[in-house]
Amino acid sequence: MNDHHITRIGMATRYSEAAVFHGVVYLAGMVPERGDTDIRGQTEDVLEQVQQRLIEAGSDKSRILRAQIFLADIGEIGVMNEVWDAWVVPGTAPPRATVQAALASPAWRIEIVVTAAQKTP
């Protein structure tokens, strides 16, 4: 096997949804597919996408090494945390940073970036 091989998943002209290198999965920022829901709905949407991309890359949410969460309004962190806490596998909560940021679309309330370990065969 080539030690320098990078696998890219969901490639577009500008970015890939994920890249895998040496057993580590790097996800692009995941944003809501629908911008017409509140922070609870958008967080559920994004976390579902994160889980799906991790599965496609040979990982899952219990193997997240780091999470970065960007909120359009940090005042919504409480509701976002409720959804996050229900989603995270008990005993596997990853290191996490949560900040307020101007997101690319005014309809988006949240964007999440994660890095995860692949499952061992």
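Visitor: Is Arg-53 buried or exposed in this structure?

Guide: In this predicted model, Arg-53 has a relative accessible area of 12% and therefore counts as buried, since the cut-off for that class is under 20%.

Visitor: With which residue does Arg-53 form a salt bridge, and how far apart are the closest N and O atoms?

Guide: As a general idea, side chains of opposite charge can pair when their charged atoms come close. Here the partner of Arg-53 is Glu-56, with 3.8 Å between the closest N and O atoms. The two residues are three apart in helix α1, which means that about one helical turn separates them, and Glu-56, at 42% relative accessibility, counts as partly exposed. Salt bridges that share partners also bring in Glu-17, so that Glu-17, Arg-53 and Glu-56 belong to one network.

Visitor: How many salt bridges does the structure hold, and which parts does the pair of Arg-109 and Glu-76 tie together?

Guide: There are six salt bridges in the structure. In the one formed by Arg-109 and Glu-76, the closest N and O atoms are 3.2 Å apart; because Arg-109 lies in the loop between β5 and β6 while Glu-76 lies in the loop between β4 and α2, this pair ties together parts that are 33 residues apart in sequence. Another salt bridge joins the side chains of Arg-34 and Asp-36, at 3.0 Å from N to O, and Asp-36 counts as exposed, with 57% relative accessibility.

Visitor: What is the order of the strands in the sheet, and where does helix α1 pack?

Guide: The six strands form an open sheet in the order β1-β2-β3-β6-β4-β5, and their pairing is mixed. At the edges stand β1 (7-11) and β5 (96-100), each of which pairs on one side only, and the twist from one strand to the next averages 10°. Helix α1 (residues 39-56) packs on this sheet, where it touches β1, β2, β3, β4 and β6, and its direction makes about 25° with that of β6. Within the sheet, β2 and β3 run antiparallel and are joined by four bridges, with Val-20 standing opposite Val-25 in β3.

Visitor: Which residues touch the most other members of the largest nonpolar core?

Guide: In soluble globular proteins, nonpolar side chains tend to be buried together. The largest nonpolar core in this model has 26 residues, of which Val-50, Leu-54, Trp-84, Ile-110, Ile-112 and Val-114 touch the most other members. The elements β2, β3, α1, β4, α2 and β6 each supply at least two residues of this core, and the largest share, five residues, comes from α1. Beyond four places away in sequence, the residues that Leu-54 touches include Val-25, Leu-27, Ile-64 and Val-114.

Conventions. Residues numbered from 1 in each chain as written. Predicted model: local features only at pLDDT ≥ 70, side-chain atom pairs only at ≥ 80, totals over all residues. Heavy atoms only, no water. Pairing = 2+ DSSP bridges. Axes fitted to C-alpha atoms, helices over the stretch in contact; angles between N-to-C directions. Contact = heavy atoms within 4.5 Å. Core = buried A, V, L, I, M, F, W, Y, C linked by side-chain atoms within 4.5 Å. Buried < 20%, exposed > 50% of the residue type's maximum accessible area, 1.4 Å probe, protein only. Salt bridge = Lys/Arg side-chain N within 4 Å of Asp/Glu carboxyl O.
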